[in-house]
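Please open the structure in your viewer and keep the selection panel at hand. The tour below moves from one selection to the next.

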Amino acid sequence: MLEALKKNPKFTPRRGPVVLCILDGVGFGKYADGDAVLAAHTPELDKLMKECPMTRLKAHGTAVGMPSDDDMGNSEVGHNAIGCGRVFSQGAKLVEEAVETGKLFEGEVWKKLVANVKEHNSTLHFLGLFSDGNVHSNISHLKAMVLEAKKEGVKRVRIHALLDGRDVPETSALDYVDPFEAFLADINKEGFDYRIASGGGRMVVTMDRYNANWDMVRKGWEVHVHGNGDLYKTAHEAIEDLRKKTGAIDQDLPPFVISDDGKTPVGAMKDHDSVIYFNFRGDRSLEITKAFEADKLDEFDRGFRPDVMYAGMMEYDGDLHAPKLYLVNPPEIDRTMDEYLCATGVNQFAVSETQKYGHVTYFFNGNRSDKFDDKLDNYMEIRSDVVPFEQRPWMKSAEITDAVIEAIESGKFRMIRLNFPNGDMVGHTGSMDAVLVAMGALDLCVARIAEAVRKAGGVLVISADHGNADDMYEHDKKGNLKLDKNGAPARKTSHSLNPVPCIVYDPASKGEYSDELKTGLGISSLAATCIELLGYEAPEGYDPSVLNFK
Ligand SMILES: O=C(O)[C@@H](CO)OP(=O)(O)O
Ligand SMILES: [Mn+2]
Ligand SMILES: [Mn+2]
């Protein structure tokens, strides 16, 4: 148990709660073209930004523990940093180091997985997100593992490729598949049998999160494990054909299976195979991990369940200890703000809809699914619709707002945190028109929350975990707008490298801190900011708050 937080002598807390509102994927754009945050009708946000103390926070690259400042931010690293008030080297960086130093291959788990296939003359399978987005995975880690498998004499490797187009350009799958096929062909010249065996778009198969839509996992299981699905000779052919048939962008392409003879899948899993799920990020790894590991599974009927040795790239959940075997230790994120507030007896409320529910709970608490205190931690999930979000860009923003206002008015909670997914989830669809509606809906919700905070005599901190809606069009390295084949702006579905706002709306302020907030900080400063506004001193080692006390 942590020690209780110390009272901050410079600040007496307000009568009402501190409300931390995370606008997922809402940053300050670099280019006016495609900046839906700038273009949308958002009178409330505009007013708050003009009238309240405000600063910009870094939300990408090394400011959130990514390997370099060329890496965009994402929800995991963002909410980890916001929730624990410090920056830890994150999965992308830890795995990169483990691969580069060779530590990954010296570990017990790698050795066991390889020994297993050598002993049984069975197959080593790799399953994961097939891109270099560095949000969930990096294909360079896969390549290094494939080369090491070859070096260690593994005869047969099968790769199950989840197509991205969400952390990388929306129709870039062949830019990864074609060179990889050439890479495998070179290995096979030396007498090995290494193949891509199945795949599908990441928003259709396997990578569901927070129990939003288990049918995605069932569909993935069918093609990766059983080899049941539409058969193609190569992944290249599958992608081209499925694009033609559906018009879908990569993340939404249907599943496919590779077969040489049009009957037998090349990579169905068998007893004694080894399986590595090579994504390092946990939210979209936990369900497929459960499908492989659980003795009893209620979510879908697995049919034949081969007795495989399964390992993840990382431990995805520190409370569930899932998966049982993993290759790289996760960051040791401790002393989170939620845990400190529990130790101090502060009643907390966290809410979002399904798509981001784990962001304000599991990610916020350092990738732990349990509460720190059953009484003081109050979490609410509002079920997300299972629809393409460009068709419902308002998502559940009104319902989240209702819940937040009820929590404020109840007077039960000193600290309230929420996540509005719209800027991000709609941003990922690439639809500018839908994002404009999403931002308009958010603005109405922010106005309602601000009013409730004012009435309750509380403080509202508005910020974000990374950008997305602020960068809806592709630009080249010189900053010129890229056009698609029809001459329209090329749509961008991924996150951005942009900073995010930090607005402090404190209508009951007595002027204890300056209107000029600190500059040059990252989103890890939000924890200390909230803790100070609650009337406590930030714990040792926390990154500084944005407040300049007088
Ligand atoms: O949808 C996701 O999994 C990621 C993008 O890969 O987005 P976020 O980090 O905002 O959750
Ligand atoms: Mn996010
Ligand atoms: Mn996102």
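Helices (H or I, at least four residues) and strands (E, at least two) are DSSP runs, numbered from the N terminus, and two strands pair if DSSP finds at least two bridges between them. This is a predicted model, in which local features need pLDDT of at least 70, side-chain atom pairs count only at pLDDT 80 or more, and totals for chains, interfaces and linings use all residues. Residues are numbered from 1 along each chain as its sequence is written, while chains are lettered from A and ligands numbered from 1 in the order in which they are written.

Select Arg56 and then Pro501, its bridge partner in β15. Widening the selection to β2 and to β15 (residues 500–505) shows two antiparallel strands joined by four bridges.

Next, display the open sheet of seven strands, whose order is β2-β15-β14-β1-β13-β11-β12, with mixed pairing. At its edges are β2 (54–57) and β12 (377–382), each of which pairs on one side only.

Finally, select helix α3 (residues 75–84): is it mostly covered or uncovered? Helix α3 is mostly covered, with 10 of its 10 residues buried, where buried means that 20 or more other C-beta atoms lie within 10 Å of a residue's own, with C-beta atoms placed from the backbone. The cover over these buried residues includes α12 (337–343), α13 and α17 (525–533). Gly85, with a positive phi near 70°, follows α3.

Key:
Buried ≥ 20, exposed ≤ 12 C-beta atoms within 10 Å, placed from the backbone. Contact = placed C-beta atoms within 7 Å.
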